[in-house]
Amino acid sequence: MLMKSDADMTKADSSDADVGVPVSVKIRERIQQARKRFHSNDNIAEFIEPGELEKLLEEVTDKMQGVLDAMVIDTENDHNTGDTARRVAKMYLNEVFRGRYVTGPEVTEFPNAEHLNELMIVGPITVRSACSHHLCPVIGKIWIGVMPNEHTNVIGLSKYARMAEWIMGRPQIQEEAVVQLADLIQEKTQPDGLAIVMEASHYCMAWRGVKDMDSRMINSVMRGVFLKDPNLRREFLSLIPRRS
Ligand SMILES: [Zn+2]
């Protein structure tokens with residue numbers, strides 16, 4: 001009995017204390033309780049309750065307004081920046097970093113009824129992201145090679161683009177992004193082999209830093225038969241028309 005009333009009191013106390021706690025703190029506490037990671041390129045949708053994304057938008061707007069204030073921009077009188085804090089908050093949460101806050105795309109898998117066992121290449125898929133170092137745009141293309149077997153699940157071509165969009169819609173590091181995408185495709189389709197090549201321009205190199213407009217970063221992930229079979233790897237790489 002005593003235990004119960006103690007627990008009740010704790011519960012009442014904590015909900016009272018909840019008032020005024022920023023929603024980001026509540027979400028963070030849930031993630032920490034579950035001992036999960038919340039790096040910039042992690043998806044945290046399972047820890048966000050209905051209605052909280054709207055509150056998060058208010059919070060990010062406030063903080064973004066603080067950044068503009070700290071940059072000594074007169075947002076009260078400057079007609080161009082009056083609504084910038086909200087626009088940037090919306091852009092981050094609802095558009096460019098949406099892949100952190102929403103659950104993954106629905107991917108319907110079909111059995112490989114035709115017993116497809118030939119190399120299949122999807123691409124180029126245009127991908128848009130931002131680097132987690134500067135939050136500068138990263139824009140590029142990816143090509144995906146899939147080597148199916150009789151147990152591989154077949155998914156619609158557009159689903160590859162949806163999965164890429166979800167993974168790239170987070171502040172990313174290109175090397176980690178391709179690994180995350182490979183893990184996701186691997187999990188959904190279970191192929192014999194999987195290859196991904198990504199080529200992208202990093203605006204943190206073009207707009208700032210070394211200001212090199214032409215440099216691109218290319219990286220790849222090879223799994224399964226693509227790792228074991230150099231001929232297959234060569235075939236895949238020769239079939240993707242890069243450097244357009
Ligand atoms: Zn950067």
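# Exercises: a zinc site, a sheet and its helices

C204 is buried, with a relative accessibility of 10%; buried means under 20% relative accessible area, exposed over 50%, and partly exposed in between (1.4 Å probe, protein chains only). The model is predicted, so local features need pLDDT of at least 70 and side-chain atom pairs count only at pLDDT 80 or more, while totals for chains, interfaces and linings use all residues. Residues are numbered from 1 along each chain as its sequence is written, and side-chain values use heavy atoms, leaving out hydrogens and water.

**Exercise 1.** Find which residues coordinate the zinc ion, and state how the donor residues are spaced.

Step 1. Donors are N, O and S atoms within 2.8 Å of the metal (3.2 Å for Na, K and Ca); water is not among the atoms, so sites may look incomplete.
Step 2. The zinc ion is coordinated by SG of C131, ND1 of H134 and SG of C204, at 2.1 to 2.4 Å.
Step 3. Their spacing in sequence is C-x2-H-x69-C.
Step 4. H134 is in the loop between strand 2 (120-131) and strand 3 (137-147), and C204 is in helix 8 (residues 203-206), so this pair ties together parts 70 residues apart in sequence. Helices (H or I, at least four residues) and strands (E, at least two) are DSSP runs, numbered from the N terminus.
Step 5. H134 is partly exposed, at a relative accessible area of 35%.

**Exercise 2.** Describe the sheet and name the strands at its edges.

Step 1. Two strands pair if DSSP finds at least two bridges between them.
Step 2. The open sheet has 5 strands in the order 5-2-3-6-7, with mixed pairing.
Step 3. Strand 5 (171-172) and strand 7 (216-224) are at the edges with a single partner strand each, so one side of each has no neighbour in the sheet.
Step 4. Strand 3 and strand 6 (residues 193-202) run antiparallel and are joined by 10 bridges. G140 has A200 in strand 6 as its bridge partner.

**Exercise 3.** Work out which strands helix 6 lies across, and which of its residues are buried.

Step 1. Helix 6 (residues 157-168) lies across strand 2, strand 3, strand 5 and strand 6, at about 20° to strand 2. Axes are lines fitted to C-alpha atoms, for helices over the stretch in contact (heavy atoms within 4.5 Å), and angles run from 0 to 180 degrees between N-to-C directions.
Step 2. Y160, M163, A164, W166, I167 and M168 of helix 6 are buried.
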